[in-house]
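User: I have a new structure to look at. Can you walk me through it?

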Amino acid sequence: MHVTEVIIPISLFLAIFGIFYLYLSTRNKERLALIEKGADASIFSFSKQAGSSWKVIVLNLAFLLMGIGLGVFIASILESYTTLDEDAIYPALIFFMAGIGLYIGFTQTKKHVGKE
């Protein structure tokens, strides 16, 4: 067993843990600061917006994954029928189509947010 086979999963776990820790600690500090200033506590309660936030996440994730899939598909076609470099075309099209997917998800979210 090589050292890199151990370091990669550990570093991935530490990165995910660090992101969650930063998110939760920052959210807690923001809430405490708002409470100290006497802000309305209703912003912390779950309302209809909490239910629709999952819809927004699912919609954006769906468009992101469709964009990535379409990017891989188009890159595969271009690799087969052109002399373009495979090492450059796959990442370029994946990122490009993922960006387009996120933009479409953003515009669809803006259309559907107020319709419940």
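**Overview and aromatic rings**

Analyst: Of the 116 residues in the protein, 10% are buried (under 20% relative accessible area; over 50% is exposed, in between is partly exposed; 1.4 Å probe, protein chains only). This is a predicted model: local features need pLDDT of at least 70, side-chain atom pairs count only at pLDDT 80 or more, and totals for chains, interfaces and linings use all residues. Residues are numbered from 1 along each chain as its sequence is written, and side-chain values use heavy atoms, with hydrogens and water left out.

User: How many helices and strands does the protein have?

Analyst: Three helices and zero strands. Both are DSSP runs, helices H or I of at least four residues and strands E of at least two, numbered from the N terminus.

User: New topic. How many aromatic pairs are there in the whole structure?

Analyst: The search finds two. Ring centres of Phe, Tyr and Trp (its six-membered ring) must lie within 6.5 Å; planes under 30 degrees apart are stacked, over 60 edge-to-face, the rest tilted. The Phe-13 and Phe-17 rings have centres 6.3 Å apart and planes at 20°, so they are stacked. Phe-17 and Tyr-21 are also stacked, at 6.4 Å centre to centre and 20° between the planes.

User: Where do Phe-13 and Phe-17 lie?

Analyst: Both are in helix α1 (residues 3-36), four residues apart, about one turn of the helix. Phe-17 and Tyr-21 are likewise four residues apart in helix α1. Phe-13, Phe-17 and Tyr-21 form one aromatic cluster.

User: Is Tyr-21 buried or exposed?

Analyst: Tyr-21 is exposed, at 54% relative accessible area. Phe-13 is exposed too, at 56%.
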